[in-house]
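Visitor: Please take me through one part of this model in detail, with the cut-offs behind each term. I would like the side-chain contacts that hold my attention here to be set in the context of the whole chain.

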Amino acid sequence: MLKFLSHFKIFRKKTALERYQSRLVMLLSCKVPPDVIKAILLNDPRLKDYHDYIRQMDEAYISVASELVTKWSNRAKFHTQS
């Protein structure tokens, strides 16, 4: 039974990539300044595999990503309420 349940995302540990992605999307949706987003991600030891990548992130990219996450998450809320 446990082997069967492990195929479902809610019953298994997140991979490093899933942790990075969910943390990034959460920060992007909170309208946190780009430099703060980078600092938070770089201070998370669970994301150490991605620290080099995070250091190279352009803050303009982070700003645009934040706008898109905010725009599309609001759109998703609107469509699910209809």
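Guide: Start with Arg23 and Asp44, which form a salt bridge whose closest N and O atoms are 2.7 Å apart. The term salt bridge stands for a side-chain nitrogen of Lys or Arg within 4 Å of a carboxyl oxygen of Asp or Glu. This pair links distant parts of the chain: Arg23 belongs to helix H2 (residues 16-29), while Asp44 sits in the loop between helix H3 (34-42) and helix H4 (51-56), 21 residues apart. Helices (H or I, at least four residues) and strands (E, at least two) are DSSP runs, numbered from the N terminus.

Two remarks on the source of the values. The model is predicted, so local features need pLDDT of at least 70 and side-chain atom pairs count only at pLDDT 80 or more, whereas totals for chains, interfaces and linings use all residues. Residues are numbered from 1 along each chain as its sequence is written, and side-chain values use heavy atoms, with hydrogens and water left out.

Asp44 is buried, at a relative accessible area of 7%, and Arg23 counts as partly exposed at 25%. Here buried means under 20% relative accessible area, exposed means over 50%, and partly exposed is in between (1.4 Å probe, protein chains only).

Asp44 has a further salt-bridge partner in Arg46, with the closest N and O atoms 3.2 Å apart. The structure holds 3 salt bridges. Another of them joins Asp52 to Arg55, the closest N and O atoms being 2.8 Å apart. Asp52 and Arg55 both lie in helix H4, 3 residues apart, which is about one turn of the helix. Asp52 is exposed, with 55% relative accessibility, and Arg55 is partly exposed, with a relative accessible area of 48%. Through shared partners, salt bridges join Arg23, Asp44 and Arg46 into one network.

Asp44 also meets His51 through its backbone. The backbone oxygen of Asp44 lies 3.1 Å from a polar atom of the His51 side chain. For a polar contact, the rule asks for a pair of N or O atoms within 3.5 Å; within protein, one must be able to donate a hydrogen and the other to accept it, and residues adjacent in sequence count only if both atoms are side-chain atoms. His51 is found in helix H4 and counts as buried at 10% relative accessibility. Leaving aside residues up to four places away in sequence, His51 touches Leu41, Leu42 and Asp44, where contact means heavy atoms within 4.5 Å.

Next come the aromatic rings. Rings of Phe, Tyr and Trp (its six-membered ring) pair if their centres lie within 6.5 Å; planes under 30 degrees apart count as stacked, over 60 as edge-to-face and the rest as tilted. By this rule the count is 2 aromatic pairs. Tyr20 and Tyr50 are stacked, at 5.1 Å centre to centre with 10° between the planes. This pair again links distant parts of the chain, with Tyr20 in helix H2 and Tyr50 in the loop between H3 and H4, 30 residues apart. Tyr20 is buried, at 7% relative accessible area. Tyr20 also pairs with Tyr53, this time edge-to-face, at 6.3 Å centre to centre and 85° between the planes. Tyr20 lies in helix H2 and Tyr53 in helix H4, so the pair ties together parts that are 33 residues apart in sequence. Tyr53 counts as partly exposed, at 44% relative accessibility. Tyr20, Tyr50 and Tyr53 form one aromatic cluster.

Helix H2 carries both Arg23 and Tyr20. H2 has 14 residues and reaches 20 Å from its first C-alpha to its last, close to the 20 Å expected at 1.5 Å a residue; the expected span is 1.5 Å times one less than the number of residues. Its buried residues are Glu18, Tyr20, Leu24, Leu27 and Leu28. Lys31 follows H2 and has a positive phi, near 55°.

As for the whole, the protein chain has 5 helices and 0 strands. Of its 82 residues, 24% count as buried. Among contacts between residues at least 6 apart in sequence, 51% join residues at least 24 apart.
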